[in-house]
Amino acid sequence: MMFYETLLYSLIPGSFCLFFTYKLGQQELSLAGRLVPAVLTIVIASYSFYIWYVEIRSFAGAPYLFFSLFLFVFAVVSVTIARKSLSDSLNRYMIQGIRHFFFIVLSTCLVLFSILTPTRVDDEEEYRNAYFGLPVPFVKQDLPGSGCNYLGGFPHWLTIQTPSMENAAEFEFHYVRLALSVILTYLLLMLLRHYVKKLN
């Protein structure tokens, strides 16, 4: 779980790095100008590695290590894109690839943020095993065990509980459902984009 979370977090700065590298390449800047996104990504990755190696240096700091490694991979790809002059056909495929990658990252972010939306709880059983996430619920949480002290009747709309000083939030992720939610959201965004293009 730690590995997947850091991978998802690294997708946001990594996708920006690749996008701006490609855009700077279209402006016919010098190699130094095209390498700016890669250099900034390496700086962020180096700082994350520094936090793990110097300040934490234990298993608890593993997310910082994974995050820095993923960003270094994005930086290497960015340098490769910046150094190569692209042909027209490769240029077209690169544009399509970056566009699809952007929509996948956007879909992932929308799905992850969807766990903040309230869910309907109809009885005591659902109160102890509440599901969150859209369009396919992928996070199960024991609400009373996570610090939700709701004493009213059912049905009721409740939100996901975050960690507090008294209670550690009890989450259970279903990765197949998460992947299905991302795929469905991605297809919905592509369908919406298609209709917007037809309207224009």
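These legends describe close-up views of a predicted model.

**View 1. Serine 15 in helix α1.** Helix α1 covers residues 2–26, and serine 15 is part of it. Serine 15 has a relative accessibility of 12%, so it counts as buried. The cut-off for buried is under 20%. Setting aside neighbours within four places in sequence, the contacts of serine 15 are Phe74, Phe101 and Val105.

**View 2. The stacked pair of phenylalanine 16 and phenylalanine 20.** The structure has 5 aromatic pairs. In one of them, phenylalanine 16 and phenylalanine 20 are stacked, at 6.2 Å centre to centre with 15° between the planes. Both residues belong to helix α1. They sit 4 residues apart, so about one helical turn separates them. Phenylalanine 16 is partly exposed, at 47% relative accessible area. Phenylalanine 20 is partly exposed too, at 44% relative accessibility.

**View 3. The edge-to-face pair of phenylalanine 19 and phenylalanine 20.** Here the ring centres are 5.4 Å apart and the planes make an angle of 75°. That angle is over 60 degrees, so the pair counts as edge-to-face. Phenylalanine 19 has a relative accessible area of 34% and is partly exposed.

**View 4. The aromatic cluster of Phe16, Phe19 and Phe20.** These three residues form one cluster. Phe20 takes part in the stacked pair with Phe16 and in the edge-to-face pair with Phe19. Relative accessible area is 47% for Phe16 and 34% for Phe19, while Phe20 has a relative accessibility of 44%.

Terms used
Residues numbered from 1 in each chain as written. Predicted model: local features only at pLDDT ≥ 70, side-chain atom pairs only at ≥ 80, totals over all residues. Heavy atoms only, no water. Helix = DSSP H or I, 4+ residues; strand = E, 2+ residues; numbered from the N terminus. Buried < 20%, exposed > 50% of the residue type's maximum accessible area, 1.4 Å probe, protein only. Contact = heavy atoms within 4.5 Å. Phe/Tyr/Trp six-rings, centres within 6.5 Å; stacked < 30°, edge-to-face > 60°.
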